[in-house]
Amino acid sequence: MVDQRTISLEAEPEEVLLDRALRPQRLDHLIGQDRVRENLRILIEAAIGRNEALEHTMFYGPPGLGKPTLAHIIANEMRASIRVTAGPAIERAGDLAAILSNLREKEVLFIDEIHRLGKAIEEILYPAMEDFALDLVIGQGPGARTVRLSLPHFTVVGATTRLALLSAPLRTRFGAIYRLDFYDQPALEQIVERAARVLDVPMDDEGRAEIARRGRGTPRVALRLLRRVRDYAQVRGDGVITGESAGEALALLEIDGRGLDDLDRRVLRAIIEKFDGGPVGLDTIAASIGEAADTIMDVVEPYLLQLGFIDRTPRGRMATRLAYEHLGIPNHRHEQGTLF
């Protein structure tokens, strides 16, 4: 007889368990996103007080800001189980029907990248979210008939990086929609400090600040940098993360003082050096550096816009004076009084 515990341990590698330990499990443990946290607290306490399932909830914003983490926090606060899937993973209507028919009362269904659901899949999700019913077609041809199955009251938590791509009928079925913003420096420092305690890595104030400063306002990035700096401090130092060791490790990773990596700088240099600062279209930038346009739009642009390094105009993207200054490139257009 096979030991079930062994199978469970093999299904949960150490990296997965560690990543789960780094994530907050309760609203009180959540750092940053104060507005979203307080709104969620009211929403959850009201639902618990009425003994109802939580309203369907949507989170949107740049990647890495904690949308899956918030979905798990909601499930924990509601004392409910959670099922996790993603828009691209649900290819057929039968896939979604199987998921919905197995949900339990007040259970949370988390759908990541929900904007990538197919149209036929959405049509099944509409009555499930609104009427808690599943419409099935039995048979084929003239003898086909529709059967409506009742579903328990459950909660859909959706996450997307592209809210504009979500169809209007689906978007309006979410009772609460929250935007996640980039984290500020103090919040990222708290996240890095908590993660260092979990990882049992000694770290001084300068090391914590250095990692947070280059974390792009994104917890996922900051935690990834913490792991790489930990490796560097272990191999090249005495195991303690200091400001000096963090700076050396991040320089080796080609991440500068503002958190820009090689791809960010290539995008800025393409706009400035190849297209005279812009305006230039997104597809043209992507082709000039050999990257996908979606990668630039979803991963690179949000942070560059946050820093004020690029502008979006009707004619395309333009590099700002701050981008020239950061890269150390003379800005002749600005010197001549050209308006950006």
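Contact here means heavy atoms within 4.5 Å. In this predicted model, arginine 214, which lies in the loop between H9 and H10, touches Val221, Leu225, Gly247, Leu250, Ala251, Ile255, Asp256, Gly257 and Gly259, residues up to four places away in sequence not being counted. Because its relative accessibility is 11% and the limit for burial is under 20%, arginine 214 counts as buried. The side chain of arginine 214 also makes a polar contact, at 2.6 Å, with the side chain of glutamate 210.

Two of the residues touched by arginine 214, Gly247 and Leu250, belong to the buried set of helix H11 (residues 243-252), which comprises Gly243, Ser245, Ala246, Gly247, Ala249 and Leu250. The cover over the buried residues of H11 includes helix H9 (205-213) and helix H10 (219-236). Just after H11, glutamate 254 adopts a positive phi of about 60°.

The largest nonpolar core contains 52 residues, of which Leu40, Phe59, Leu70, Ile74, Ile211, Leu226 and Ile241 touch the most other members. The greatest contribution to this core, eight residues, is made by H10. For isoleucine 211, the contacts beyond four places in sequence are with Val192, Met203, Ala222, Leu225, Leu226, Val229, Ile241, Ala246 and Leu250; Ala246 and Leu250 are among the buried residues of H11.

Elsewhere in the chain, leucine 117 is found in the loop between strand E3 (108-112) and helix H6 (119-130), and is buried because its relative accessible area, 7%, falls under 20%. Leucine 117 touches Gly87, Ile90, Glu122 and Leu125 when residues up to four places away in sequence are left out, and its C-alpha atom is separated by 8.6 Å from that of alanine 89, 28 residues apart along the chain.

The largest pocket holds about 420 Å³ of space, and of the 21 residues lining this pocket, Arg23, Pro24, Thr69, Pro219 and Leu223 are the closest to its centre. Helix H2 (14-22), helix H4 (67-77), helix H8 (185-199) and H10 each supply at least two residues of the lining, with the largest share, four residues, coming from H10. By class, this lining has twelve nonpolar, four polar and five charged residues.

The second largest pocket, with a volume of about 360 Å³, is lined by 17 residues, of which Pro62, Thr161, Arg179, Pro302 and Arg312 lie nearest its centre. Helix H14 (residues 293-307) gives the most to the lining of the second largest pocket, namely five residues, and the lining as a whole has nine nonpolar, three polar and five charged residues.

Notes
Residues are numbered from 1 along each chain as its sequence is written. This is a predicted model: local features need pLDDT of at least 70, side-chain atom pairs count only at pLDDT 80 or more; totals for chains, interfaces and linings use all residues. Side-chain values use heavy atoms; hydrogens and water are left out. Buried means under 20% relative accessible area, exposed over 50%, partly exposed in between (1.4 Å probe, protein chains only). A polar contact is a pair of N or O atoms within 3.5 Å; within protein, one must be able to donate a hydrogen and the other to accept it, and residues adjacent in sequence count only if both atoms are side-chain atoms. A nonpolar core is a set of buried Ala, Val, Leu, Ile, Met, Phe, Trp, Tyr and Cys residues joined through side-chain atoms within 4.5 Å. On a 1 Å grid over the protein atoms alone, a cavity is a set of points where a 1.4 Å probe fits but cannot get out, and a pocket is an open set with protein on both sides within 12 Å along at least five of seven lines; lining residues have an atom within 4 Å of a point. Grid points are joined across faces, edges and corners, and a volume is the space filled by probe spheres set on the points. Ala, Val, Leu, Ile, Met, Phe, Trp, Tyr, Cys and Pro count as nonpolar, Asp, Glu, Lys and Arg as charged, and the others, Gly among them, as polar.
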